[in-house]
Amino acid sequence: MNLKNLFIVLSCAAAVTACKSNKKEKSDVTGWNYNDKNMGGYQVSREKEQRTGPGLVFVQGGTFTMGATEEDVMGDWNNIPTRKTVNSFYIDRTEVANIHYREYLYWVNTVFDGDEYKDVRNGALPDTLVWRSELAYNEPLVEYYFRHPSYNYYPVVGVTWRQAHDFCLWRSDRVNEKALYDKGFINKTALKNLQGQGQESFNTKAYLLGLTTPTPGNQVRSKKNPLKNPNGTPRTTVTFEDGILLPNYRLPTEAEWEYAAMGLVGQNPNPSKKEGKRGEELITNKQVFAWTQNVNGLRDSRRGAWQGTFLANFKRGNGDNMGVAGGLNDRAVYTAPVTSFFPNSFGLYNMSGNVSEWTGDVYRPLSPTDNDDVSPYRGNHFQNVYKNKDGEFEKDSLGHVKTVYVTDEESKNRRNYQKGNVINYLDGDSVVAGVGYGETDAALNKAAGRGYGQTTLISDKSRVIKGGSWNDRPYWLSPGTRRFLEEDQGSSTVGFRCAMDRLGSPEGNGRKTGINYPTRRQNTRKR
């Protein structure tokens, strides 16, 4: 083929490709074109997949046995093995470190710098006094652990559940604000002028509801902007349907955390790695800790330089937190940097040891058997977005959209739930002795002259912590073990990491949902 003919062939191929790319996507139910100003202008996003947010790792969901993997030596009877299914989600590769939380404090102090926000600034500070002990010299940690650059990438501790929850909300808004900035939907000056923004700071929900309208960049007004109004002109605001904004960061549920920690995909001898290639439904070993190497032991069993090294940061025995000089076993007396030790099969660090971690769940001993089989979680207190008497949305003093709790009156006629606050669901809520649903505990406590939470250490503010810490024995390093701490308390052994919902295919980007057979009819395949 001479050069002239080759040029003709390439030109024709380019023309065919251009024709295909210009072909309008149309509705299967009406036949009308999408993204066509001459056919109503209904817009459908060209974004088809969810991008992975900063710091996150994709965790493909599935079924697993949640709960105890060893003998319940504590006799708590709070982690009865039960079969559960977890939907796919994202979770932080590491624990949130001191440098990350100081970044959050910098933003809070800069944006909420007025005297009226003093309580907001103080309320975000971690409790450094959690290091203090009556019979130990821990004052250097009280003074320096959170602030000194030597500890930048060590896990933040002394953070309450409530503070961790607020950090997740802040992180959601900053990630989405930058996504809009990168696409030109927020002007460059908006990220420079943070001082004193207060109520006017960017909030994702407020943006989507039109309560905040940041100045857009000049480039979004050009024809290159893929987002269009019905009349075909460039659109300067983004909707969630455009696929640019991410779901909120949040604390992982207990089931998600435990599933991610086990990393059972590493026990599958032949997992599916791409679309069209089937995987096995098989787990080869019973796993106790977060690692798939030496699944029942604490040291690396592989031959080579790593053989015999500890796989987690934990307390080996009474008075032994790091071993003997010249041969320190885990090389950390307290916490270690968040990327220390070997990651599990999902690529997650320190899911066993270093610090225990907050989860989203309210603690109940029988949650493993009470909770749903799919996406189990206890802690729901349903909310609606608040509207004033004029039917308008409003922001609070921190720039968040106001919400109100769903009332029992609103819920009573629903089939799937009958109360707005279901944290206490199944806590003796059955209808007995003429006492209505949800009233049993209150009635019995009232009759006995006591209030809820006064006769037990467990309350509606008790949140599940998982994973074991630098000061724990190996038993607590198993992801199946569970403890609790009040949501307004912190500890030198408790940190956290964030999670995010997965939208779309449970196998990840580039994968389909469900089984997609060829177009031929069933049972017509040639034998």
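The lining of the second largest pocket divides into 15 nonpolar, 18 polar and twelve charged residues. In this classification, Ala, Val, Leu, Ile, Met, Phe, Trp, Tyr, Cys and Pro count as nonpolar, Asp, Glu, Lys and Arg as charged, and the others, Gly among them, as polar. The model is predicted, so local features need pLDDT of at least 70 and side-chain atom pairs count only at pLDDT 80 or more, while totals for chains, interfaces and linings use all residues. Residues are numbered from 1 along each chain as its sequence is written, and side-chain values use heavy atoms, with hydrogens and water left out.

**The second largest pocket**

- The space in the second largest pocket amounts to about 1600 Å³; a volume is the space filled by probe spheres set on grid points, which are joined across faces, edges and corners.
- Of its 45 lining residues, Gln60, Gly61, Asn268, Glu280 and Glu507 are the closest to the centre.
- Two or more lining residues come from each of β2 (62-66), β3 (82-86) and α7 (254-262), and β2 gives the most, with four residues.
- On a 1 Å grid over the protein atoms alone, a pocket is an open set of points with protein on both sides within 12 Å along at least five of seven lines, a cavity is a set of points where a 1.4 Å probe fits but cannot get out, and lining residues have an atom within 4 Å of a point.
- Helices (H or I, at least four residues) and strands (E, at least two) are DSSP runs, numbered from the N terminus.

**Cavities**

- The whole structure holds five cavities of 30 Å³ or more, and the largest cavity has a volume of about 60 Å³.
- Among the residues that line the largest cavity are Trp291, Phe341, Phe342 and Met351.
- The lining of the largest cavity has eight nonpolar, three polar and no charged residues.

**Salt bridges**

- The search of the whole structure finds 24 salt bridges, each being a side-chain nitrogen of Lys or Arg within 4 Å of a carboxyl oxygen of Asp or Glu.
- Arg502 and Glu49 form a salt bridge in which the closest N and O atoms are 3.9 Å apart. Arg502 lies in the segment after β14 (499-501) and Glu49 in the loop between α1 (3-22) and β1 (56-59), so this pair ties together parts that are 453 residues apart in sequence.
- Arg502 is buried, at 6% relative accessible area, whereas Glu49 is partly exposed, at 35%. Buried means under 20% relative accessible area, exposed over 50%, and partly exposed in between (1.4 Å probe, protein chains only).
- Arg171 and Asp92 form another salt bridge, with the closest N and O atoms 2.8 Å apart. This pair joins helix α5 (residues 161-182), which holds Arg171, to strand β4 (residues 89-92), which holds Asp92, 79 residues apart; both residues are buried.
- A network of salt bridges links Glu254, Glu258, Lys466 and Arg482.

**A nonpolar surface patch**

- Trp77, Ile80 and Leu366 form a nonpolar patch on the surface, with about 330 Å² of accessible area together. Accessible areas come from the Shrake-Rupley method with a 1.4 Å probe, and for residues only the protein chains shown count as cover.
- Patches are made of residues with over 30% relative accessible area and no salt bridge, with like charges joined within 9 Å and nonpolar side chains (Val, Leu, Ile, Met, Phe, Trp, Tyr) within 5 Å.
- Leu366 is in the loop between β8 (356-362) and α8 (367-370) and is partly exposed, with a relative accessible area of 43%.
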